Amino acid sequence: MTKVLFSLPVHEMPAIVRDQIENINHFCPGATIVIHISAGAAALEDEFRRQCDFPNVLINPSSYETRWNEGIFHTHVSNYLYALERGVAFDRIVLLSSNELLVKPGLAEYMSKFAMGSHVQIYDLAADWGGFRTDVASDRSVRKFVASLGLTSYFAGQAEGQFFNERIFARIVRVFVENFPMAPCGFNSEEVIPPTVAASLSMAGVNYAHPITFCDYSTAIRMTPELIDQIRAGKGAVYAQRVPRSMRSPHIGVSTFEGVFSVKRVPREDCELRRYVRGLMV
Amino acid sequence: MDKLLFSILADGNSEILERQISAINRFSLGSLICIHHAKDTTPPGPDVLDRIAAGNVFINPNSYAVRPHEGVLHAHVGNFKYAVAQSLDFDRIVLFSAQELLIKSGLGEYTKRFTIGAQTELYENIETANNWAGFRPEVLNFPGVKQMLSLLGLPLFAGGQAEGQFFSRDVFAHLERVFIEAFPMEPCGFPTEQIVPATLGMRHGFAGTNISLPITFTAASAQIEISEGVLRQLAKGDGALHARARPGALRPAHIGACVLKNVYAVSLPADRHEIWSKVVGELENS
């Protein structure tokens, strides 16, 4: 059975994080969860430790600063390093966010068929996505990182729900640490570093799946119980117009629901959508 | 395994047509082929048919007008009608242009898993350099398009790559009914083959049908050339190809995702057929 490690950066609402742990434990039993608490939420650390007191949950003792839209990949790197330090064995690491929830079982088995799951879009200023930035492309560290992979430009894609086998993630971590600080980088590093490495590997023939999270933020579509039902059924496709300057969703306009196991956005509060997902955990 | 009907829109070049048929008979043995010749072009003579020597090739006697960029779906519909009238036995129809060549075996097993293979990009009203030129209000307001959308109960149309789309017989019969009701059997002034099948595919996707991508790789929408290396990767099916989109083109269907194992054909201009012969030969001998 594929051993799964979830990397989960959090910054607020310990009770909601507990809800997410219960959700993961229901739909992906046997997984390990490593949690990074943002430095800005240090005051909540005790509460996080109390709420997240599960045998399969590790609280990363390192709390790095996080700033919105400036990159949090260093927190996933830190979580990975802490899991290694604690001797956690795993086959796949999944990068999650704190406002998503799993909605169906079968994730470990699904991921075992792929070395990685990523959303890989080539840097293209004509693509009308704020993630493609000339200042990022020309950043010295980014250029060095890209060159180290034998590429000429960076790639980017959806951060949530990316997954990697241990060997590939070790490689991603190594190139990150060699080129970037363990701090916000000024761009969404989690949307750039893993997809760029995935692109370089895919050019050599390594296959990747899509990320396992369906996100509703880049199109006009909104997460609803009906959409969750369709995702659980794994059939058909949904169509929606893109929000200007947003990324092109990997899950819109194509039949990818078989490989979707998590949904975002689920508000970090006791709401109808969260209660609906809880109702599926029977 | 599915029984396939290839609908080919020949452009009058017998040599290319022979190569297409030869590739189909090499990689998809037992398939049927229906050929449409545009009005005012020369259909293949008996000498060509003798050389092809294939009892599975049918020449559609109905030749419709075809004009570049003005829509050719009526010709595929004409081929479908002719095949049905001839009681040809097939499960899936595959739409081929005059430039497509199969590159590997297994298509009949693959198509069996899907009733539709089509790229289905929803009409996009964000104007960017990468936005497809077909997504424009004039097309949306075209009477035939409005009629089609009304018949399908949709507010917007979809666009998608024409080459290598495939459909079950039932789905294409539905498409035929919608097309005949909404459009004439002639060029319509916009690329019907990129809009009507994609919109029908989207309708089925909404209703819970899993849609596959077209089985043909084309470089028309991306800044990529089909080199020997690309052709080898397509034939092998591993990894992904990455390239920027061409301005004003449809989003490339097979770029940036690991979908190459489901690519069974390439769209290659005649002057590039040499690399097809070389790579296919190499792979068969390896």
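1. In this predicted model, the contact between helix 7 and helix 8 of chain A brings Ile168(A), Arg171(A), Ile172(A), Val175(A) and Phe176(A) of helix 7 against Ile193(A), Pro194(A), Val197(A) and Leu201(A) of helix 8. Sorted by class, the residues of this contact are eight nonpolar and one charged, with no polar ones.

2. As to geometry, helix 7 (residues 166-179) and helix 8 (residues 189-203) of chain A pack at an angle of about 120°, their axes lying 10 Å apart, and helix 7 of chain A is therefore oblique to helix 8 of chain A. The crossing of helix 7 of chain A past helix 8 of chain A is right-handed.

3. Chain B holds an open sheet of seven strands with mixed pairing, in the order 3-2-1-4-9-6-10, and its edges are strand 3 (57-59) and strand 10 (211-212) of chain B, each of which pairs on one side only. Within chain B, strand 1 (residues 4-10) and strand 2 (residues 32-37) pair in the parallel sense over six bridges, and Phe6(B) stands opposite Ile33(B) in strand 2 of chain B.

4. Helix 1 (residues 14-27) of chain B lies across strands 1, 2 and 3 of chain B and runs at about 170° to strand 1 of chain B, while helix 7 (residues 169-182) of chain B lies across strand 4 (92-96), strand 6 (116-117) and strand 9 (166-168) of chain B, at about 100° to strand 9 of chain B.

5. Between the chains, 27 residues of chain B are in contact with 25 residues of chain A. On the side of chain B that touches chain A, strand 7 (121-122) and helix 8 (192-206) of chain B are the elements giving two or more residues, and helix 8 of chain B gives the most, with three residues. The residues of that side of chain B divide into twelve nonpolar, eleven polar and four charged.

How values were computed:
Residues numbered from 1 in each chain as written. Chains lettered and ligands numbered in written order. Predicted model: local features only at pLDDT ≥ 70, side-chain atom pairs only at ≥ 80, totals over all residues. Contact = placed C-beta atoms within 7 Å. Helix = DSSP H or I, 4+ residues; strand = E, 2+ residues; numbered from the N terminus. Nonpolar A, V, L, I, M, F, W, Y, C, P; charged D, E, K, R; others polar. Axes fitted to C-alpha atoms, helices over the stretch in contact; angles between N-to-C directions. Parallel < 35°, antiparallel > 145°, perpendicular 65-115°, else oblique. Left-handed = near helix turned anticlockwise from the far one by under 90°. Pairing = 2+ DSSP bridges.
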